[in-house]
Amino acid sequence: MGANAAALTHGHELGYIPAAALAYVISIVSHSDSISLYEAVADMSAAVSRRYEGAEHLSELLILIDRAVELSHADMDDVEAIHMLGQGWVAEETLAIALYCALKYSDDFDKALVAAVNHNGDSDSTGAVTGNILGAYLGLSAIPEKYLKNLELRDVILEIADDLYSGCKMSEYGSYRDETWLSKYVYCTYAPKR
C-alpha cells in the first residue's frame with residue numbers, strides 16, 4: 001500500500017519502492033516488541049527484494065540500504081557518513097539517510113533527529129522519515145516533550161497513529177462493518193466528540 005500511495009505522484013521505481021520499504025519497516029517495528037531495528041531493516045530488504053524482483057533499479061536501492069547499515073556501525077562524523085549516502089533529494093537517498101540516523105541512534109530519538117536534519121541536503125525530508133521510523137520503533141514515550149509540546153493537531157495525529165496501528169478490520173469478503181472507520185476514512189464525515 002505504501003508503494004501504491006507513493007506511485008500516485010512518484011511513478012519511478014526509486015520513488016515508490018522506497019515508500020514500500022519505509023511502510024514495511026514502520027509496520028514491522030510498531031507491531032513487534034522483540035525485533036531490533038537492524039533485524040527489521042534486514043527483513044525489509046529481503047521482502048522488497050522478493051516483491052520487486054526484476055525491478056530495473058532495485059539494486060541501486062539495496063546498495064544504498066546496505067551502505068546505510070554499514071555506515072551506522074562506523075566510527076565517523078554523521079555529516080560525512082550522510083553525504084556518502086547522498087543528499088536526500090530523491091526517495092532512495094532520503095530512506096538511506098533516515099535508516100542510517102535511526103540505526104546509529106536507535107535508542108535516542110533526539111540524537112537521531114539532530115543527525116538527520118544537520119546536513120547540506122533535503123534535511124526536512126530526512127528528518128521527517130527518521131522521526132517516522134524511530135517514533136514507530138521507540139514509541140511515543142521516547143519522543144522528547146520538546147517535540148510534542150506545541151505539535152499542531154497532536155490529538156488528530158495520535159488518533160490516526162492508533163488507527164494505523166490497529167488497522168481496518170473490515171474486508172470486502174466479510175460482513176463486519178465499522179461505522180466509525182467508514183465515517184473517518186471512506187466517507188470523510190467523521191467529527192470527533194468533544
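**Figure 1. Charges of the protein in the predicted model.** The mean positions of the 13 positive and 29 negative charges lie 9 Å apart. Lys and Arg are counted as positive and Asp and Glu as negative, with His and the chain ends not counted. Each charge is placed at NZ of Lys, CZ of Arg, CG of Asp or CD of Glu. The model is predicted, with pLDDT of at least 70 needed for local features and 80 or more for side-chain atom pairs, while totals for chains, interfaces and linings use all residues. Residue numbers start from 1 along each chain as its sequence is written, and side-chain values use heavy atoms, with hydrogens and water left out.

**Figure 2. Overall fold and dimensions.** The protein has 11 helices and zero strands, where helices are DSSP runs of H or I with at least four residues, strands are runs of E with at least two, and both are numbered from the N terminus. The C-alpha trace spans about 50 × 45 × 35 Å along its principal axes.

**Figure 3. Surface and contacts.** The accessible surface of the protein is about 11500 Å², and carbon and sulfur atoms hold 53% of this area. Areas come from the Shrake-Rupley method with a 1.4 Å probe; for residues, only the protein chains shown count as cover. Of the 194 residues, 39% are buried, meaning under 20% relative accessible area, with exposed being over 50% and partly exposed in between (1.4 Å probe, protein chains only). Among contacts with a separation of 6 or more, 55% join residues 24 or more positions apart; a contact means heavy atoms within 4.5 Å.

**Figure 4. Surroundings of Ser-45.** Ser-45 lies in helix α3, residues 37-51. Ser-45 counts as buried because its relative accessibility is 11%. Leaving aside residues up to four places away in sequence, Ser-45 touches Leu-62 and Ile-65.

**Figure 5. Surroundings of Leu-113.** Helix α7, residues 109-117, contains Leu-113. With 14% relative accessibility, Leu-113 counts as buried. Beyond residues up to four places away in sequence, Leu-113 touches Gly-127, Thr-130, Gly-131 and Tyr-147. The C-alpha atoms of Leu-113 and Thr-180 are 34 Å apart, and the two residues are separated by 67 residues along the chain.

**Figure 6. Helix α10 and the residue after it.** Gly-167 follows α10 and has a positive phi, near 75°.
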